[in-house]
Amino acid sequence: MKAIKLNVNGDSHPIQVRDDEVLLDSLRNRVGVTSAREGCGVGACGACTVLADGRSVSACLANSRRYDGVAITTADGLAEDDVVVAAFVESNAMQCGYCIPGFVLMTKELLKDNPNPSDHEIAEHLEGNICRCGTYPELMKAVRLAAERSR
């Protein structure tokens, strides 16, 4: 076991991790984050997405030790009145909600880098996220709305 500090949503969490422990397990089992979820376990669905220093990371693949001291943002750490969160709620961009935290965080990353994305750029940036309920039209509407409100 190795001692690290996970800085999650502005709070520091000193924890002990195994050499092979993935960030998703550390966040859920040691820190108590519930918005990062395991979907596929191989980094192909986006349910485990978190932002590390503002960049998206598949937490199910990332070794926890690499994120010692790195600022990690999860959907749990977003304000209820966050522009992206509000756009997703207003656009009914959810059904079961399992995938939404990953989509929200990927949208935040996209809009930080590209405040006025085209539909093609939105689809390309979000293509690693899967919505099993098929709410893709509503997801696109939510991203467009968040982009419009963020300008």
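Me: Why is Asp113 called partly exposed here?
Reply: Asp113 has a relative accessible area of 43%. Buried would need under 20% and exposed over 50%, so 43% leaves Asp113 partly exposed. Bear in mind that this is a predicted model.

Me: What makes Arg55 and Asp113 a salt bridge?
Reply: Their closest N and O atoms are 2.9 Å apart. The cut-off is 4 Å between a side-chain nitrogen of Lys or Arg and a carboxyl oxygen of Asp or Glu, so this pair qualifies. The bridge also links distant parts of the chain, with Arg55 in strand β4 and Asp113 in helix α3, 58 residues apart.

Me: How do you know that Glu109 forms a salt bridge with Arg55 as well?
Reply: Here the closest N and O atoms are 3.7 Å apart. That is still within 4 Å, so the pair counts. Glu109 sits in helix α3 (residues 100-113) and Arg55 in strand β4 (residues 55-58), so the bridge ties together parts that are 54 residues apart in sequence.

Me: Is Glu109 buried or exposed, and what about Arg55?
Reply: Glu109 has 5% relative accessibility, and since buried means under 20%, Glu109 is buried. Arg55 comes out at 38%, which falls between 20% and 50%, so Arg55 is partly exposed.

Me: What makes Glu21 and Arg18 a salt bridge?
Reply: The closest N and O atoms of Glu21 and Arg18 are 3.2 Å apart, so they meet the 4 Å rule. By that rule the count comes to nine salt bridges.

Me: Why is Glu21 called buried and Arg18 partly exposed?
Reply: Glu21 is at 1% relative accessibility, under the 20% limit, so Glu21 is buried. Arg18, at 38%, lies between the 20% and 50% limits and is therefore partly exposed.

Me: Why is α4 called roughly perpendicular to α5?
Reply: The axes of helix α4 (residues 119-126) and helix α5 (residues 136-150) come within 11 Å and cross at roughly 115°. The roughly perpendicular class runs from 65 to 115 degrees, so α4 is placed in that class relative to α5. Their crossing is right-handed.

Me: Which residues of α4 and α5 meet?
Reply: From α4 come Asp119, Ile122, Ala123 and Leu126, and these meet Met140, Val143 and Arg144 in α5.

Me: How do you know that β1 and β2 pair?
Reply: Strand β1 (residues 2-8) and strand β2 (residues 11-17) are joined by seven bridges in the antiparallel sense. At least two bridges are needed, so the two strands pair. Lys5, for instance, has Pro14 in β2 as its bridge partner. The two strands form a hairpin with two residues between them, and Asn9 in the turn has a positive phi of about 55°.

Me: And how do you know that β1 pairs with β5?
Reply: β1 and strand β5 (residues 71-73) share two bridges, in the parallel sense. The requirement is at least two, so they count as paired. Across from Asn7 is Ala71 in β5.

Me: What makes β3 and β4 a pair?
Reply: Strand β3 (residues 49-52) is joined to β4 by four bridges, running antiparallel. With at least two required, they therefore pair. Leu51 stands opposite Ser56 in β4. Two residues separate the strands in this hairpin, where Asp53 takes a positive phi near 50°.

Conventions: Residues numbered from 1 in each chain as written. Predicted model: local features only at pLDDT ≥ 70, side-chain atom pairs only at ≥ 80, totals over all residues. Heavy atoms only, no water. Buried < 20%, exposed > 50% of the residue type's maximum accessible area, 1.4 Å probe, protein only. Axes fitted to C-alpha atoms, helices over the stretch in contact; angles between N-to-C directions. Parallel < 35°, antiparallel > 145°, perpendicular 65-115°, else oblique. Left-handed = near helix turned anticlockwise from the far one by under 90°. Contact = heavy atoms within 4.5 Å.
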